Amino acid sequence: MTTPLDALDFDGEPFDVLAWTLALEPEANPAPSPQPTVTPTPTPATVRATGPISAPLGADPISQLVQEVRSELVAAHLSAMAVQTAWQRQAINALGHSVPSAADSTATLGPTAAAFGPTAPHGPTAPGRSTAVAEQIFAATIDYTPATGLTVSAVPGHPVTFDPPAPATSMNAFKMLARTPITAMAGSALAALARGEIAAVFGPAYDQDGANPEIRLTDGAHGRLVEVLDVEGRGGQWARGRLTATCRIDGPDLAAAATEIGWQAAQVLALRAGLHLCLAGARFQAGEAFELQLSTSVTGPAELVAEVVQIDLLPRPWLRINAEIRSGGAVVARVYGLTLEIREAPGLPIGPAAGGVIPRFFGRRNVFGQRALLGEFHMTHSARGDLGIALGPEFSAYTGRRATRMPNHGLQLCDRVMAVDGERGTLTGGTGHTEYDSPADAWYYAESANASMPNVVYMETSLQSALLLGYFLGATLTAPAEDYSLRNLDGTATVLREVDLRDKTIQQTSRLLDTTVLTGAVLQTFAYELAVDGEPFYAGESLFGFFNARALANQNGLDNGELVPPWLDSQAARPVVRVIDVAARRAAGTGMACASGHLAMLDAIEVVDGGGTYGHGYLRAVRPVGPDDWFFGYHFFMDPVMPGSLGVEAVLQAMQEWAVDTGLAAELEAPEFVVPVGVPLSWRYRGQILSGDAEMTLEVHIKSVERRRGRIRVLGEASVWKPSMRIYELTDVAVELRDAHAEPW
């Protein structure tokens, strides 16, 4: 600690050693912002306790003797305030007390620890375990530079508390910028990280060619990591990352040692997540104040568990951890809310310049080692951050306004812009090359009924790459004062070949074919192609519209404003209807897997056998819609709308359930669903499902059932309604069942 002794003051009751409580109770403190802020260098400050809590003493001789000792101690303290001040200075470094025994399973940390919620066993604050009770609780900050290292300082007031977020879900889980099989690191690997040799430890995907010379694991003068035993990218009670390690405390300053060890753990977690890949020329920086709880001062070997509480790329890459250090089986220190940020060096640009000019290499490479123009950091800003950082200063004016944005979190299916052939303001003929990494543990693989990537992701990843090109080239800058919303209007796309896309990098190529600027709207047509391993597997064309609020309000659906009812409701004599109980099948988990989780779009389907336009079967389903539906929070920021691709997915799910229910799956030995190859799916959208709509209704007319060896294909035509109008029309929508090793169609 660097605070001068004479800058510390005593604030509170005279020190009474016999009345000292092991559970110091801080005043309530408002939670800090969930996004980190730059904390100025702290001024020296007092570490304050809330005062002693005296236990009543009896009238027996022993109690009287204790009372006399108490009086002597208090008198001595009052006559030597300088000694008390010195003790107050040292209290944050080395306090000793009696640790509860291993049999004591009721020890707790009191209100301060409880504010952080329960944790899993062997985590930073696991309840119901025998743990050391912190004898000192205070707030601290870190002043860190590579040249001077880490300086820990106390801050005024009481310990910092904050409300932790809910655990990550499959949809909002942080997507690592790079993947590695490395889950443990010996001392030699940690030494390599200290030299800045990140790729040598985690693999070539973590390389920046020395673009971040200051990004390296720091050494500790008081404490250090010795060996990382295990690190999980989605481990811990918040499912955002967990690290276990052995460490060493090298001196009596436990506050400094715990902070240094926690800081190193945060660095390892940040590096393994690839946060350093966002910004070339960046450095580690400490965030806002955090909380320390200290117990007995110890030296020597110790164990560490650190868990990531929050991790994000906005406004700069950062993470926040909680950590627990144990020695001899007892907790000796806890760190709450320690925040590490990745910050660019002063003066370095971090996004496109005016006109979309890329001023420097921002530090992101793809898995093939090729330099990207823009990376995940910029894509995240395009979804829910600063559009000026994402696209250039012309877009900064959209801050706080409804504006065209990428979908966010799990629906953000474009990671990098590799190249743009075209100039901003020239709205015909541009070409964009983008990429999306499709991890094998992505939510949509786990939740789809398909054996491969579901159709919704085929559509979204291709359409997002196209819209990004049009936006980057300046479609909305034709009328910068307008608040535009983006809507897909129609398209046709075809799967060219079956391919397993798990853990593959999808390379997206989009071509802007033409642009039409109207009053209140800009219309753009694109052609696009997706490829993996150099071979195309999906291609299509699509029309997008950028609309102002007035233009959106004037939509009248597919039938010129008339409410044309579904086929079932238009029959003079109502046909016999049976119901497929999808919710019951999903709950039972029997038969072929239904879509689940976020992709579970339907609970029941009405069926008219032999009905519909073609006489091969008719399906209708109604899905309730409410503002709490998950997709409104992901598509789009400040402009919630259900993706049209999810409406298409609901139609496909109805057809899949019908195929199983009618016994088609039983004709195959090991049936599984795939997106059919060579069938052009066409769609028209003339409206959208909004958060205020009560329900979505869909119908499917089965057009044909075709069979080949080991395969069965069902084709249909479909429509989707909102309560006031028919808004989607789908032609040649298809599902396919195949045996696992069937020959291509």
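Reader: Which class, nonpolar, polar or charged, has what number of residues in the lining of the largest pocket?

Author: In this predicted model, the largest pocket has a volume of about 720 Å³, and among the 33 residues that line it, those closest to its centre include Phe174, Arg384 and His409. Strand S7 (300-312), helix H7 (376-384) and helix H9 (443-447) each supply at least two residues of that lining. Sorted by class, the lining of the largest pocket holds 16 nonpolar, 8 polar and 9 charged residues.

Reader: Which elements give two or more residues to the lining of the second largest pocket?

Author: The second largest pocket contains about 330 Å³ of space, and of the 19 residues lining it, the closest to its centre are Ala178, Arg179, Val367, Asp437 and Thr505. By class, its lining is made of 6 nonpolar, 3 polar and 10 charged residues. The elements that give two or more residues to this lining are strand S11 (431-438) and strand S13 (504-518).

Reader: Is Asn560 buried or exposed?

Author: Asn560 is found in the loop between helix H11 (549-553) and strand S16 (578-581), and it has a positive phi of about 55 degrees although it is not a glycine. Its relative accessibility is 68%, and because the cut-off for this class is over 50%, Asn560 counts as exposed.

Reader: What is the omega of the cis peptide bond that joins Leu314 and Pro315?

Author: Pro315 has its place in the loop between S7 and strand S8 (318-327). The bond joining Leu314 to Pro315 is cis, and its omega is about -5 degrees.

Methods: Residues numbered from 1 in each chain as written. Predicted model: local features only at pLDDT ≥ 70, side-chain atom pairs only at ≥ 80, totals over all residues. Heavy atoms only, no water. 1 Å grid on protein atoms, 1.4 Å probe; cavity = no way out; pocket = protein on both sides within 12 Å on 5 of 7 lines; lining within 4 Å. Points joined across faces, edges and corners; volume = space filled by probe spheres on them. Helix = DSSP H or I, 4+ residues; strand = E, 2+ residues; numbered from the N terminus. Nonpolar A, V, L, I, M, F, W, Y, C, P; charged D, E, K, R; others polar. Buried < 20%, exposed > 50% of the residue type's maximum accessible area, 1.4 Å probe, protein only.
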